[in-house]
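This report describes how the parts of one protein chain are arranged and how they meet. Please consult the sequence and the structure while reading.

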Amino acid sequence: MLEIKCIGILTSGGDAPGMNAAIRAVTRTAIYNGFTVKAIMRGYKGLITGEIVPYVTQNVSNIIQQGGTILKTARSKEFTTAEGRQVAYETMQREGIDALVVIGGDGSLTGAKIFASEFNIPIVGLPGTIDNDLNGTDTTIGYDTALNTIMDAVDKIKDTASSHDRLFFIEVMGRNAGFLAINGAIATGAEAAIIPEIATEVDQLSELIESGFRKSKNSSIVLVAESEITGGAMGLAERVKKEYPQYDVRVTILGHIQRGGSPTASDRILASRMGEAAIDALLDGQRNVMIGVQNDELVYIPFNKAIKKGKPINRDLLNTVKILST
Ligand code: F6P
């Protein structure tokens, strides 16, 4: 088996708060164990263009509290082609990079899986995404911070909702997953969460809102997960407005505010533990696995399993939203 001397590290896909804490942990654990570290800029794109910087421990000083990623990130189209990956491999050989740590979401880990199998490269992944949509891990780096950002934003919107007796549809991110919407709804005491995993008909939703208004609630908050399946907050609001013109409806799309900001303590700790575990995994001879966390234990999840579509969501949580808002 190839002896690993130099480890390349990259962040790819959407940035997530806590990525910097992970970069710091990977870099420092690698150096502690005698490896050299090379930072690959702008995700897989940097492997193709050769934008690579040797990292020492000072390169990752004072970044644990910063959102975004100091390595920058991109969604590389070229890396999805065999030609692009061949160039990336040649860069790795030229730079003497023997193994990779990839921090990103399902697209990034799918790329890692293909690249690893084509060129027999040891790769370890870290789940870095606000969407929490990777299988085999209870949570992902960035999810807790995004959830807290949603909570802060919705708390503020509730002031206007109650002052004006309005019905607000608030759209949150998550791509095709409803974790941010459902747990955001519980954290803010919202009346409902509309998520792609579980169908909610407009009349069901209207009934829910109606009964709230009947019980002297004058305002309502509905969190809607972005997705073609839910139709998004805008689509849903239009349909409800048509049926219930008496409601004063407003829509807020939280957008990229959810991806930014200083990571919470939970995300910093998770990223730090996972970053250290990524290097331990390589030392252990682990290949092509993502580090996950289950019941506070770090685990190795094969890429295939981690990127499987449709991470199960606890359906009971919708009931929790409903019961607690009656
Ligand atoms: O995967 C993270 C995420 O923020 C999703 O929730 C969202 O659908 C997507 O990225 C947005 O991507 P972009 O920043 O490229 O528009």
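The centres of domain 1 and domain 2, taken over C-alpha atoms, are separated by 34 Å. Domain 1 covers 6-142 + 263-306, and domain 2 covers 144-259; such bounds come from an automatic or database domain assignment. The model is predicted, so local features need pLDDT of at least 70 and side-chain atom pairs count only at pLDDT 80 or more, while totals for chains, interfaces and linings use all residues. Residues are numbered from 1 along each chain as its sequence is written, and side-chain values use heavy atoms, with hydrogens and water left out.

**The interface**

| Item | Value |
|---|---|
| Residues in contact (heavy atoms within 4.5 Å) | 14 residues from domain 1, 12 residues from domain 2 |
| Salt bridges (Lys or Arg side-chain nitrogen within 4 Å of an Asp or Glu carboxyl oxygen) | 1 salt bridge |

The salt bridge between D15 and R259 has its closest N and O atoms 3.0 Å apart.

**The nonpolar cores**

A nonpolar core is a set of buried Ala, Val, Leu, Ile, Met, Phe, Trp, Tyr and Cys residues joined through side-chain atoms within 4.5 Å; buried means under 20% relative accessible area (1.4 Å probe, protein chains only). The largest nonpolar core has 66 residues, of which V101, L126, L180, I221 and L223 touch the most other members. This core lies between domain 1 and domain 2 because both give residues to it. Apart from this core lies another, of 26 residues, including L10, I52, I301 and I307.

Beyond its neighbours within four places in sequence, L126 is in contact with residues including A22, V101, I141, M274 and I291.

Note on methods
Buried means under 20% relative accessible area, exposed over 50%, partly exposed in between (1.4 Å probe, protein chains only).
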